[in-house]
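Try each task before you read its solution.

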Amino acid sequence: MAENNDGITSVTYSEVGTGSVTRASFGAMCEGCSGAIDDSAKPKGGDLVEAGCSAPVTADPAVARPLDLTGSDSGPSLQCAVTLSASSLLAMNSPQMLYALCEFSLRRASVSADRMPLNLALVVDCSTSMQGARIGYLKAALLDLLDGLQAGDRLSVIAYSDRATVAAESTFVTEKRKLAGAIANLTTGGGTEIYQGLVAGLRQVRRYARDFRRNHVILLTDGRTYGDEEACLAEARTARREDVSISALGIGNDWNDVFLDALARQGGGICRFVKDPSKTSELLALHIRGIAHAPLSEVALSVRLPAWARLQSAFRVEPFLETLELVQGEPYSMGVLDSGTLSLVFELIVQQPVAGDWRFAHLVFEGRIGEEQVSLRRDLGVRMTEGDPMPGTLPARLLSAVARLNVFRLQERAWQKLELGDVVEASWLLESAASRLSEMGESDLAHETMAEARRLESDGVPSLRGQKEIRYGTRFLPLR
Amino acid sequence: MMEKSGSIVCPSCQYVNLPGTLFCLRCGTYLPSGGPLRTEPFEEQQLERAARYGPDLAELDARTTGIEVEVLETNRKVLLSADSEILVGRLDAAHGVFPELDLTSDGGLEQGISRRHARMYAHEGKWYIEDLDSTNGTFINDELLASYVPMIFSDGDVLTLGSLRLRVKVYCGESSLR
């Protein structure tokens with residue numbers, strides 16, 4: 001097992017077979033075994049499980065390689081830094097919590113300056129509530145976006161209210177005049193039925209999806225849809241399977257953040273809060289840059305655990321906070337990875353009474369760089385000791401990550417309690433979140449959160465704006 | 001192998017957390033140490049010590065029942081009863097510091113508030129404030145208090161703890177409180 005000065009404990013190997021390791025002792029594993037998790041292996045009380053590694057562990061000997069105990073990835077493109085809350089735990093027959101921060105990033109050589117051509121659809125809310133300054137700012141933002149797109153990009157524009165109209169069929173952006181004309185001619189009137197617009201937008205993107213690596217729908221709305229939410233979510237799931245992603249920009253205070261969050265999550269995209277309509281242009285530009293320059297796409301993560309470890313929860317913490325609904329062994333689609341880092345936190349409950357070096361998780365991280373399929377497989381290990389382990393310093397970066405998700409989770413729980421009618425608990429949770437934010441130095445957001453807690457206490461209802469400020473403010477807290 | 005529970009009871013809400021938990025799963029309190037601990041001292045300032053107030057400077061009704069404290073930086077107002085001593089500072093659950101007037105959410109850490117910064121209490125119709133050897137001091141209307149020397153404050157006075165200013169309004173009779 002490799003352990004560096006930061007107390008990071010990890011073992012990396014480049015390929016994994018389908019055998020079994022009956023004792024997760026890394027010293028024994030290095031003896032010609034490529035290793036894999038045997039979920040059925042359970043330690044017998046007081047006895048060490050036999051150290052025998054079955055070999056060969058894969059039907060294809062060419063695939064199996066010896067373990068790399070140096071901690072370096074043999075894959076050329078991806079790397080992963082792992083930080084644990086403790087590298088040693090007391091071996092005991094009762095559960096204890098362990099946190100793992102996993103930071104995936106591309107090796108410098110893999111980060112290409114090339115921008116991927118985009119196949120884009122804009123689904124624009126043109127309901128009555130958008131009239132006036134809102135549609136004005138939005139049109140200006142869409143024209144700016146059009147200016148920023150490049151030859152090779154495709155764009156379509158769909159206007160929707162209580163029905164959908166294709167204002168501009170999918171066209172190469174070299175036909176700028178036609179697209180700009182369609183944007184300028186957007187008018188408002190009617191209700192809000194997102195489903196019609198979404199389906200129309202997806203239809204436009206799907207026509208040319210095979211020719212592009214980046215197929216994306218952006219939904220822009222200031223309101224709420226009624227009765228078609230489930231249909232929209234089903235469309236988003238289908239689109240994601242086809243590698244067509246969907247993101248949402250909610251403008252102002254009145255849109256349904258729970259629904260748009262779910263839509264973006266199911267659609268493999270992101271939901272953003274445009275609190276100031278004059279900032280729409282800026283946010284759209286940021287969003288497009290992230291998609292177009294993302295060198296790694298079709299990112300998927302899977303986790304496997306032994307019987308004595310359980311995944312309590314998993315979160316993406318960078319570039320934004322998101323709860324991950326991971327199911328053990330099943331790939332979880334995470335969309336694209338831009339040139340920055342994808343940071344994940346796993347909260348695990350482990351119960352291991354036998355001393356020794358144990359692997360508590362196996363991660364598989366996969367994606368595509370251009371035409372190349374890449375993957376990284378990583379074991380996470382911990383040492384169980386018979387005596388109390390030496391206390392160590394909690395790594396600052398892990399603490400920062402867990403502190404952020406702590407606040408994120410407190411405010412999410414507050415809104416859930418409010419949905420159930422428990423105003424007192426919701427207010428208390430927001431107060432707790434405010435205190436944590438204050439301790440983190442996030443004064444503005446702390447004040448906003450405390451104000452919302454007080455408003456709940458006195459009025460029983462939150463402000464729409466405050467709720468969104470807190471939800472999206474905590475989601476995008478920077479990892480220090 | 002040892003059989004050991006090692007559960008962590010949250011000092012804030014008493015929720016029982018598993019060993020190794022960093023933040024209480026119920027209330028989010030930081031369990032290893034209760035949050036930021038250190039109060040950074042401001043740079044040295046030369047200030048006159050406050051003179052003791054004589055009894056003729058504080059004419060308060062013997063029926064004084066409470067005070068309203070307004071945090072001037074945040075406009076937050078808190079009503080406090082005279083029934084018991086009021087600890088003023090920053091919450092630190094892990095070390096059992098639970099101030100009645102918790103200034104954490106008012107930017108307490110940045111404004112130089114110590115966890116146990118000062119205490120206030122009413123005695124024989126008068127209100128006192130006593131600095132508890134805080135890092136950045138306590139002032140009544142810009143006059144620095146000596147540590148552990150209670151000083152009387154009056155209705156309308158501005159108390160400065162660290163760099164956080166609190167205006168106090170003293171209530172008499174039936175008008176309070178927490």
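**Exercise 1: A leucine in a helix**

Does Leu284(A) count as buried or exposed, and what is its relative accessibility?

Solution. Keep in mind that this is a predicted model.

Step 1. Find the residue: Leu284(A) lies in helix 7 of chain A, which covers residues 280-292.

Step 2. Compare its accessibility with the cut-off. Buried means under 20% relative accessible area. Leu284(A) is at 0%, so it counts as buried.

Step 3. Look at what surrounds it. Leaving out residues up to four places away in sequence, Leu284(A) touches Ala141(A), Leu142(A), Leu145(A), Ile218(A), Leu220(A) and Leu249(A).

Step 4. Val274(A) is ten residues from Leu284(A) in sequence, and their C-alpha atoms are 9.8 Å apart.

**Exercise 2: A serine in a strand**

Find out where Ser156(A) sits and which residues it is in contact with, apart from its neighbours within four places in sequence.

Solution. 

Step 1. Ser156(A) belongs to strand 7 of chain A, residues 154-160.

Step 2. Its relative accessible area is 1%, so Ser156(A) is buried.

Step 3. Once neighbours within four places in sequence are set aside, the contacts of Ser156(A) are Leu120(A), Ala121(A), Leu122(A), Ala168(A), Glu169(A), Ser170(A) and Gln204(A).

**Exercise 3: Chain A as a whole**

Describe chain A by its helices and strands, its burial, its contacts and its surface.

Solution. 

Step 1. Chain A contains eleven helices and 18 strands.

Step 2. It has 480 residues, and 56% of them count as buried.

Step 3. Take the contacts in chain A with a separation of 6 or more: 75% of them are between residues 24 or more positions apart.

Step 4. The accessible surface of chain A is about 19,500 Å², and carbon and sulfur atoms account for 49% of that area.

**Exercise 4: Aromatic rings**

How many aromatic pairs are there over all chains, and how is the pair of Phe104(A) and Phe365(A) arranged?

Solution. 

Step 1. The count over all chains is nine aromatic pairs.

Step 2. In the pair of Phe104(A) and Phe365(A), the ring centres are 4.1 Å apart and the planes are 10 degrees apart, an arrangement that counts as stacked.

Step 3. This pair links distant parts of the chain: Phe104(A) is in strand 5 (residues 96-106) of chain A and Phe365(A) is in strand 17 (residues 356-369) of chain A, 261 residues apart.

Step 4. Check burial for each partner. Phe104(A) is buried at a relative accessible area of 0%, and Phe365(A) is buried with a value of 0%.

Step 5. Now turn to Trp255(A) and Tyr472(A). Their ring centres are 5.5 Å apart and their planes are at 45 degrees, so this pair is tilted. The two residues are 217 apart in the chain, with Trp255(A) in the loop between strand 10 (244-251) and helix 6 (257-266) of chain A, and Tyr472(A) in helix 11 (residues 464-475) of chain A. Both Trp255(A) and Tyr472(A) are buried.

Step 6. Together with Phe273(A), Trp255(A) and Tyr472(A) form one aromatic cluster.

Step 7. The charged end of Lys468(A) sits over the ring of Trp255(A), 5.0 Å from its centre. Likewise, the charged end of Arg240(A) sits over the ring of Tyr332(A), at 5.8 Å from the centre.

**Exercise 5: A sheet in chain B**

In what order do the five strands of the open sheet in chain B come?

Solution. 

Step 1. The order is 6-5-7-8-11, with mixed pairing.

Step 2. Strand 6 (101-102) and strand 11 (151-153) of chain B each have a single partner strand, so one side of each has no neighbour in the sheet.

Step 3. Strand 7 (residues 116-123) and strand 8 (residues 126-131) of chain B run antiparallel and are joined by six bridges. Tyr121(B) has Tyr128(B), in strand 8 of chain B, as its bridge partner.

**Exercise 6: Cysteines**

Solution. 

Step 1. The count of disulfides over all chains is zero.

Step 2. Cys27(B) counts as buried, at 2% relative accessibility.

Conventions:
Residues are numbered from 1 along each chain as its sequence is written. Chains are lettered from A and ligands numbered from 1 in the order in which they are written. This is a predicted model: local features need pLDDT of at least 70, side-chain atom pairs count only at pLDDT 80 or more; totals for chains, interfaces and linings use all residues. Side-chain values use heavy atoms; hydrogens and water are left out. Rings of Phe, Tyr and Trp (its six-membered ring) pair if their centres lie within 6.5 Å; planes under 30 degrees apart count as stacked, over 60 as edge-to-face and the rest as tilted. Helices (H or I, at least four residues) and strands (E, at least two) are DSSP runs, numbered from the N terminus. Buried means under 20% relative accessible area, exposed over 50%, partly exposed in between (1.4 Å probe, protein chains only). A charge sits over a ring if NZ of Lys or CZ of Arg is within 6 Å of the ring centre and within 35 degrees of the ring normal. Two strands pair if DSSP finds at least two bridges between them. Contact means heavy atoms within 4.5 Å. Accessible areas come from the Shrake-Rupley method with a 1.4 Å probe; for residues, only the protein chains shown count as cover. A disulfide is a pair of cysteine sulfur atoms within 2.5 Å.
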